[in-house]
Amino acid sequence: MLIRNYHAQRWLLALSSLSFIGLVWAVFSHVALLSVLDNLTAQLQLTMLPNWLHYFLSFIFFFSHSWGSCLVIFLLAFFLWGFKFKIPAFWLMTTSIISGILLHIVDFILPITNFNHAMQFPAFGIFWATLIYTFVASFVGPEIQSIWRRSTLHLVMLMMWCLVFLANLFQPDVQFSGVIAGWLFAIIVLELFEHFYVQYAPTLAKMNGFYESWY
């Protein structure tokens with residue numbers, strides 16, 4: 001099974017959930033340090049950066065937001081399905097669709113504003129970047145036999161994640177707390193759906209549509 005370690009998932013789910021709740025409390029309680037960081041990052045713009053860095057970060061950020069993230073996730077699911085990883089492909093798409101809906105619901109019920117401007121909370125970009133990084137690490141990485149190539153893949157993905165984190169801070173409707181919230185919320189939904197994967201993947205493997213699928 002490509003996803004396992006049920007006990008670690010439960011601990012990580014509990015820790016990330018408590019951290020997310022604590023962050024929400026800190027934002028609405030206007031904790032001084034967090035407010036300073038939020039006020040600072042809410043004023044950042046990509047146009048403040050040199051042109052080459054502006055365009056580079058915008059290009060990287062595109063693949064973790066809006067149509068870019070949809071394209072990456074669809075391609076991952078498409079190739080996984082084609083290589084007989086039908087259950088991982090189904091789980092990946094189900095996780096993405098449901099978690100995307102949950103993301104917008106949370107953003108709607110937690111109206112965060114700064115300088116009279118609505119802020120994303122959780123931030124969308126880092127949320128999708130975290131999901132994509134996990135999908136690649138869970139289903140692509142283990143299939144690479146060379147340790148050097150597998151390590152290179154993880155290093156490149158980690159660098160991309162860090163660049164998305166940085167680019168997200170320079171978006172006009174994002175502040176520091178929203179980026180951290182996006183990261184934590186992504187971990188929460190991932191751990192929830194990983195639990196479902198561990199529980200139900202063996203059952204799905206016996207169904208006609210997923211028969212002989214690797215999982």
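**Helix packing and ring pairs, with reasons**

Me: How do helices H5 and H8 pack, and at what angle?

Reply: Helix H8 (residues 176–204) packs against H5 at about 145°, with the two axes 10 Å apart. Axes here are lines fitted to C-alpha atoms, for helices over the stretch in contact, and angles run from 0 to 180 degrees between N-to-C directions. Helices are DSSP runs (H or I, at least four residues) numbered from the N terminus. This is a predicted model, in which local features need pLDDT of at least 70 and side-chain atom pairs count only at pLDDT 80 or more, while totals for chains, interfaces and linings use all residues. Residues are numbered from 1 along each chain as its sequence is written, and side-chain values use heavy atoms, leaving out hydrogens and water.

Me: Which residues make the contact, and what classes do they belong to?

Reply: From H5 they include Trp-91, Ile-98 and Leu-102, and from H8 they include Phe-185, Phe-193 and Tyr-197; contact means heavy atoms within 4.5 Å. By class, the H5–H8 contact has 15 nonpolar, three polar and one charged residues. Ala, Val, Leu, Ile, Met, Phe, Trp, Tyr, Cys and Pro count as nonpolar, Asp, Glu, Lys and Arg as charged, and the others, Gly among them, as polar.

Me: Why is the pair of Trp-91 and Phe-139 called edge-to-face?

Reply: Rings of Phe, Tyr and Trp (its six-membered ring) pair if their centres lie within 6.5 Å, and planes under 30 degrees apart count as stacked, over 60 as edge-to-face and the rest as tilted. Here the centres are 5.6 Å apart and the planes stand at 75°, so edge-to-face it is. It is one of 18 aromatic pairs in the structure.

Me: What makes that pair a tie between parts of the chain?

Reply: Trp-91 is in helix H5 (residues 86–109) and Phe-139 in helix H6 (residues 124–140), so the pair ties together parts 48 residues apart in sequence.

Methods. Helix = DSSP H or I, 4+ residues; strand = E, 2+ residues; numbered from the N terminus.
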